[in-house]
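Biologist: Please take a close look at one helix and its surroundings. Then place them in the wider picture.

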Amino acid sequence: MAKVRITVDGKPIEVEEGAYVLDAARALGIDIPTLCYYPYMTPYAACRICCVEAQDGKGWSRIVTACNYPVWDGLEVYTGTPRVINSRRMNLEMLMASTTPSPVLQQLADQFGITEPRWKIGTEYTCILCGLCVRICDEVVGAHALSFVNRGSYRDVSTPYNLDSDACILCGACAKMCPTGHIKMEEIEKRVINHRELSLGPNAAISLPFRQAVPNVPRIYRENCIHFKTGCCMLCATVCPKECIDFREVDEFEEVDVGAIVLATGFDNFDPTPMKQFGYGKYPNVITSEEFEMMNNAAGPTGGKIVLENGEEPRAIAILHCIGSRDQEYHKYCSRVCCMYALKFAHLVTEKTNAQVYQFYIDIRSFGKGYEEFYQRILDEDVNIIRGKAAEVVPSGFRRGEEGHLLVQCEDTLIGKFREIPVDMVILCTALQARADAKEVARKFNISTGADGWFIEAHPKLAPVSTTTEGVFLAGTCQGPKDIPDTVAQGSAAAAQALKLLCQGEVLMDAAYAAVREEFCSGCRMCNGLCPYNAIEYLDDKRVSFVNAALCKACGTCVAACPSGAIVGRHFTDEQIFAQIEGMLV
Amino acid sequence: MSFEPRLIGFLCNWCSYTGADLAGTARMKYPPNLLPIRVMCSGRVDPTFILDAFRKGADGVLVCGCHPGDCHYVEGNHKCLRRIPLTKRLLKDLGIAPERVRLEWVSASEGARFKEVITEFTEQIRALGPLQLHDWTFEPAAEPAESSHTGGSR
C-alpha cells in the first residue's frame, strides 16, 4: 500500500494510505480522547470528542473527527488548538446535558475544566449513543442482537421491538464495551460469591488450563468461545502478534509408533451429592476439598481468601474426613491422601482466619515421612480433632442471627457422647475414585481393572508398575490412590521401565511359545484363523503351518485346537498337563 | 465320612489364577477340593484334558477364564466358550453328567467370586456323588491292559 506523509502537532509520520488520523496520532503517542472508538471495529464518530483540526498548510482548515478521517498526503493535524478544545468542550457539554453524566464523562469534564454544562435537560438517561454496543454485537460478536431504534431525540439502543432477543447469546460484550455503564449484565453485577461456582477450571473462553500447565500456553474452550457460537469475533487471532491462533484447526487423529506406553490417567473426584446427609449442593457453604483448594488458591476466584457465600469470614469450619472412602456404601478403600490434606487445611485456615477448626475423623492415617510430625504440630495448633465420622450436617438456623449456619452431628467415640458442633462452613474430604472411563481404557490396552476400577499391576509386590500387557506401564493414581511422593516415585519407575525397553533395542521373549511339529502337521490350516496375533502362517512349499515365535504370546488356543496334536505349547505341553492331572488325582 | 469330591480346575494365568491367588492372599476360606492347574489361557483347555481328568478319577472339572472381552489373548476365552458345550455333549454320550464340567469367568480382582464359585461347585458335585464310570476297559490290541486305564476302579 502506498504511504502518505502527514504531520500531527508538527511531528511528521509516514502512514499507510486509508489509515485514520487517530491511528497516526496514537502511533506518535499523542493522546486524543474518544468515547466511541475501538480498534477492531469500523469507526463511527458518534461521540465527536476526538475532533481535531485538519489543515493543508495553504490556509484551508477544518474540524474533523480523528477516528474516521482518512489521511492524505500533506495533511497537517493539530490536536490542541483553541478551536479543537472549544469543539471538544462543546460536544462534551452537549453529551453531559443530554444524559446523567456518568463517571467517564465526569472524568473528561474535569480534564476540560467543565463544572456544569451550559444546558440541562434533566434526564436519568445515561446512554451517550456511542454505538459501541451495536457495533460490537454486529461486527465482532456477530449476533446482531442490538440496534439503534427510533430517531432524533428518541434515538435509543435496544433489541428489536424492545423484547428479549433470541439472537442474543449472553456474551456480555455490549456491557463490557459500554463506556457509561448504561448496559449492565444484571446478574453478574449483583452476584455474591457462590461456592458452587468456584471455578474448578478455566471459565474464560481462552485461558491457561491451569497455572502450571505444560506446555504453558492458553487454549480456547469451544463451549465459552463466541466464535464457535456465531462464527465471528476472532479478536484473539487479530491481536496475536505471532499469528498463533488458527480457528480452522480441528481435532486430528495421529498414529504414532511407540515402544512403550505409560498410563497415567489419574483419578476422578468422588461426587458427594448422593450422600444426602452432608447436604452438598443443598446447603450453602458445604464445599468439597477441591473447591476449598480453589478458594484457597491465591490465583483463585476469591484471591485466596477463605470466605462464606455471604462474603463474611467463617467463625468455625468443620472438615469431614472419609467422604465416600472407607464407606461400605461407596468405596471401601482408604483414599490415603485426605487425612494429610485435611490437616493441611486446618493449618491454612488457622493461619488465614480466626476460625475454629473441627476435624471429624475415623482414624488419622499419617503414614508418610514427616506426616506424623505434622499431625503432632496440628494438634498443638489448637485444632479440635474429634474422633467420629460426622453423621449429618443440618442447618442450624432458627435462632435469630444464626440463619444459614450449620450443625455437624457426630458421635465422639472417645468420650462416647453424641455431639452437635455449630459451624459456618463444612469441607468434605471426598474420596479419590477411578476415572469414569477406566474400564474403557483398560480394555483398549488389554489390562484389567480391580473391583474399584483401578488398573491392576502385573504383581502387587514384584511388578508394581508393569501390567499384564508387555510394554504398558502404570504411573500414579490410575493404579490406586496415592499421594504426590508415591506418584512421583511410581512415575519415575514407569519411565525407567519404559526406557529400559527402548534402550535395549531388543525385547526379551518369554520361553513359552507354540511350535508346530512339522512331521505331524497335516496342513489342515485349522490353527491359522484361530491365532489372535496372526503368528501362524501356512508354508505353501512344505504344506505345513508355522508359528512365528516372536509374535506368539503362548495362549495355547492353537495347541488345544490342533486335531493332529502337531502343535506343542512349550512349558504347557499336553504331556505336562496330563502329568499334572495325574499328579493331582493319584 | 461324607463324600469329598475331587475337582480339577483349569485356571487361566491372567484372570482366574490371579483371582485364586487373590482369594489366597486375602485369606478367604474355601473348600480344599479343587486342585488347580495353571494354563496360559482358557483357550488352551483341550477337551482331552477334561476327559483325561475324569478318566483319572476327578469328580468334576472347573474351567475358569477371563470375562468375555477381557481375555489377555483377545479372544481365547471365546474359543473355550465354544468348546465346553461340545465337550459336555460328548460327556453325556459317555455317561458322565454334563453338570460335572463347569465354565466360569473369574477376573483377577474377583477373589471373593472365586471362593463362591468353588464353594458352590464343590457342593454341587458333592450332591451329585462320586463319578461312576462304566466298568469297561479300553484295551487296544497292541497294548497290554494297565490299571490306570481302567475307569471306575475306585
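In helix α9 (residues 289–296) of chain A, the buried residues are A:Ser289, A:Glu291, A:Phe292 and A:Met295. They lie on the same side of α9(A), because they cover an arc of only 155 degrees around the axis. Buried means that 20 or more other C-beta atoms lie within 10 Å of a residue's own, with C-beta atoms placed from the backbone. The arc is taken from the directions from the helix axis to the C-beta atoms. Helices (H or I, at least four residues) and strands (E, at least two) are DSSP runs, numbered from the N terminus.

This is a predicted model: local features need pLDDT of at least 70, side-chain atom pairs count only at pLDDT 80 or more, and totals for chains, interfaces and linings use all residues. Residues are numbered from 1 along each chain as its sequence is written, while chains are lettered from A and ligands numbered from 1 in the order in which they are written.

The buried residues of α9(A) pack against β12 (286–288), α10 (338–352) and β19 (425–430) of chain A. Contact means C-beta atoms, placed from the backbone, within 7 Å.

Now the core. The largest nonpolar core has 128 residues. Such a core is a set of buried Ala, Val, Leu, Ile, Met, Phe, Trp, Tyr and Cys residues joined through C-beta atoms within 7 Å. α10(A) gives the most to this core, with 8 residues. A:Ile319 is among the residues with the most contacts inside the core. Not counting residues up to four places away in sequence, A:Ile319 touches residues including A:Ala342, A:Phe345, A:Ala346 and A:Ile427.

Key
Buried ≥ 20, exposed ≤ 12 C-beta atoms within 10 Å, placed from the backbone. Contact = placed C-beta atoms within 7 Å.
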